[in-house]
Amino acid sequence: MNGVRIQIKGIVQGVGFRPWVYRVAKETGVSGRIRNDSRGVTIDAFGCHGRIEVFLNRLESSGPPAAVVRELVWSEIEHEDLSGFEITTSLENAERNVSIPPDLATCDDCVDDIADPDNRRFRYPFTNCTNCGPRFTIASDIPYDRIVTTMAPFEMCEDCVREYRDVEDRRFHAQPNACSVCGPSLDVTDAAGNVIEGDPIGLASRALVEGEIVAVKGLGGFHLSCDATNPAAVRRLRSRKRRDEKPFAIMVPDVGDADSVAMISERERKMLVSVERPIVLVRRKPETCLASEVAPNNKLVGVMLPYTPLHHLLLDAVGRPLVMTSGNLSEEPIAQSNEEALTRLGGIADLFLIHDREIETRCDDSVVRVLGTGPVILRRSRGWVPRPVALREPVSRSILGCGAHLKNTFAIASGSDVTLGPHIGDLENIETLGSYEASIERMLKFLEIKPELVAHDLHPQYLSTRYAETRSEPRIAVQHHHAHVAGVMAEHWIDGPAIGLAWDGTGYGTDGEAWGGEVLLAEYHRFDRIATLRPIPLAGGDTAIRQVWRVALAVLEDAFEGFPPIDRLPLFAAISENEIDVVRLMLTKRFNTVNAHGAGRYFDAFGAMFLGRGHSSFEGQVSMEWNLVADDTVDVPYSFDIDTSQSPWEIDLRPCIRDAVDDFMCGTVVSVIAARFHETMVRAGVATIEMAQARWGLLPVVYSGGCFQNDLLVERLVRHLSPRFVVRGNRQVPPGDGGIAFGQVVVADAIARRT
Ligand code: ZN
Ligand code: ZN
Ligand code: FE
């Protein structure tokens, strides 16, 4: 064999793949050429004496850090006598299809460059190369080329041009290539926008160390930053940002610092240092330098490492963990331009560390947690967007999925790829809706796709549904939990039918009720609702989602048949008698109540009852505390019933509620009650699945929904079900509502194929 054509598909463009192949070819003594094409790269390689085999082997076993090889196929071709190896860039048409890569964390070589006083990029905050740097967030059009990025206004100096053109250089074709002579630069301003003279990093780090709040312009938006070891500073940030208790993420200088504040497993460490550099949710250590205000009442902490040279310089200068939270006010979109930051964050930050490279597209930090058998992306944004998720079969037409309401993202399916948009946030205000619409348009432009079909949630009031209705394409409404379940099936290339466990806070059901404790027999185009959790009447509707004591009262009222043991639970001592009476009246008269099946509501109810937490300051707060308090060595369940006389079957947790109250009366510690509750939920799910398997035959099991961000639930569910059944959960796509859009497009495709 002395000539092969190799075709590689995957993330191999804009990530330094061609120069890497070039170097491998040189090292292995292979001649030939490489070029980008519409699906990836094509290599013609020529050589003898087994060199081609060695070359192929290298390509198959390694690659540049940000590349993902999905498919490598080769065939023999006629030998050509070439003297060397070259990178062909002449195929203009093929280059048109070069997709935009995600933003890449600063590589080790660039970190070395900025730390080296003899390097011409010493302390230069915008250093990057073909292996790292901004991509998606600076691109305004395709093909991904400097002239259509926000680097366009900066003309490369001679030195930078030389690197850019030198195929042997790490900066060969690095579109954002820059140095202090020609590239963007930093500034520090006060809250009024007046530039302050001096070294920007020095000024900002001094302010942080002194306890001030600094707005830092990052890759996909502004962060609000303060000293994470300074309780007063963190408190001030909380009050100015109007954020009571929702945890703040922190950035630490290096992995060693991460170890000193949290327990970090090998898999978590891998995620921390990955090229995507997400926030990794980890268990914090009890006694650390971190102010408790960073994540009040929370055993987890979101940790990330620096991912731009600016972060490296700043974190080195302060030498301590910094709070790095999205630069926004409560639920608004993250601030993007300097002007916007000054207007919107002027009342929060004391100082602004800004620069003159525009952010073209907002992209929040991604969030990852290691759950059960591996890492799960809880928020898929910077570092992953716009890398597509691969389907087994191409879709029949291009589809836009509009997503849900909370933690919205959208998805665009075309061919075998589904591209999820960046995290948008809760679609609750005009600012967020504007950002959502703009983000969809931009992504459609990048992908050169005109959707032929629009998929949206069944909920008529969601802003995402309303948005879908303004579009001219045909529409398909997809039930929320069907989308959760079908999404996992599609992620794992499961044909269906499958048994889907969809447990979350809420989602609109086909009967108009709030579903969320569902067991579905699901195919892509349809589903049957096998079982659901016994509904809880929510007094005052959504009010009960924050005032979780109302949910606790409702389950007690139900379990004790009108005689809830209110005076025996300290929770109710803190609530006025009048309020309790009003809610009880609402519950018994079914006045202004809505029925909710959400598993999340049971977590809320139990957390409220036994932790004495009557109020949630953000959705899911009490549920999360109830999860984290559980003693994971206890695995004795409480009782439960499954009523199969009705359709869907009803999973009845009233026995569990009575058992737990008894346990509490006997003085059992809350950590044990929480563990037993978790075990009950798992066993109830498992029992239902076993009954379903007995009736419908052996089927794969998938689980999804916001409840499966809970490590205990995931681990125990998987332990009880495998290896008897194939069990799969979300990995690349968030289990929460950030994953809904992905499920919507696969369901809509299946429905459309049949009509
Ligand atoms: Zn680099
Ligand atoms: Zn330069
Ligand atoms: Fe959901």
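1. The donors of the zinc ion (ligand 1) are spaced C-x2-C-x18-C-x2-C along the chain. They are Cys107 (SG), Cys110 (SG), Cys129 (SG) and Cys132 (SG), each lying 2.3 Å from the zinc ion. Donors here are N, O and S atoms within 2.8 Å of the metal (3.2 Å for Na, K and Ca); water is not among the atoms, so sites may look incomplete.

2. The structure is a predicted model, in which local features need pLDDT of at least 70 and side-chain atom pairs count only at pLDDT 80 or more, whereas totals for chains, interfaces and linings use all residues. Residues are numbered from 1 along each chain as its sequence is written, chains are lettered from A and ligands numbered from 1 in the order in which they are written, and side-chain values use heavy atoms, with hydrogens and water left out.

3. The angles among the four donor atoms of the zinc ion (ligand 1) run from 103 to 117 degrees, and the site is tetrahedral. Four donors count as tetrahedral if all angles lie between 85 and 135 degrees; four count as square planar and six as octahedral if opposite donors are over 155 degrees apart and all others between 65 and 115; anything else is irregular. Cysteine 129 and cysteine 132 are both buried, where buried means under 20% relative accessible area, exposed over 50%, and partly exposed in between (1.4 Å probe, protein chains only).

4. The iron ion (ligand 3) is coordinated at 2.1 to 2.3 Å by His480 (NE2), His484 (NE2), Asp504 (OD) and Asp737 (OD). Its site is irregular, with angles of 91 to 170 degrees among the four donor atoms. The spacing of these donor residues in sequence is H-x3-H-x19-D-x232-D. Histidine 480 lies in helix 14 (residues 480-491) and aspartate 737 in the loop between strand 31 (727-729) and helix 23 (740-753), so this pair ties together parts that are 257 residues apart in sequence. Helices (H or I, at least four residues) and strands (E, at least two) are DSSP runs, numbered from the N terminus. Histidine 480 is buried, at 0% relative accessible area, and aspartate 737 also counts as buried, at 13%.

5. The whole structure holds 17 aromatic pairs. Rings of Phe, Tyr and Trp (its six-membered ring) pair if their centres lie within 6.5 Å; planes under 30 degrees apart count as stacked, over 60 as edge-to-face and the rest as tilted. The ring centres of tyrosine 22 and phenylalanine 85 are 6.3 Å apart and their planes stand at 65 degrees, so this pair is edge-to-face. Because tyrosine 22 lies in helix 1 (residues 17-28) and phenylalanine 85 in strand 5 (residues 85-88), the pair ties together parts that are 63 residues apart in sequence. Tyrosine 22 is buried at 6% relative accessibility, and phenylalanine 85 is buried at 7%.

6. One aromatic cluster is formed by Phe603, Phe606, Phe610, Trp626, Phe664 and Phe677.

7. Two arginines deserve a remark. The charged end of arginine 238 sits over the ring of phenylalanine 248, 4.1 Å from the ring centre, and that of arginine 529 sits over the ring of tryptophan 515, 3.7 Å from the ring centre. A charge sits over a ring if NZ of Lys or CZ of Arg is within 6 Å of the ring centre and within 35 degrees of the ring normal.
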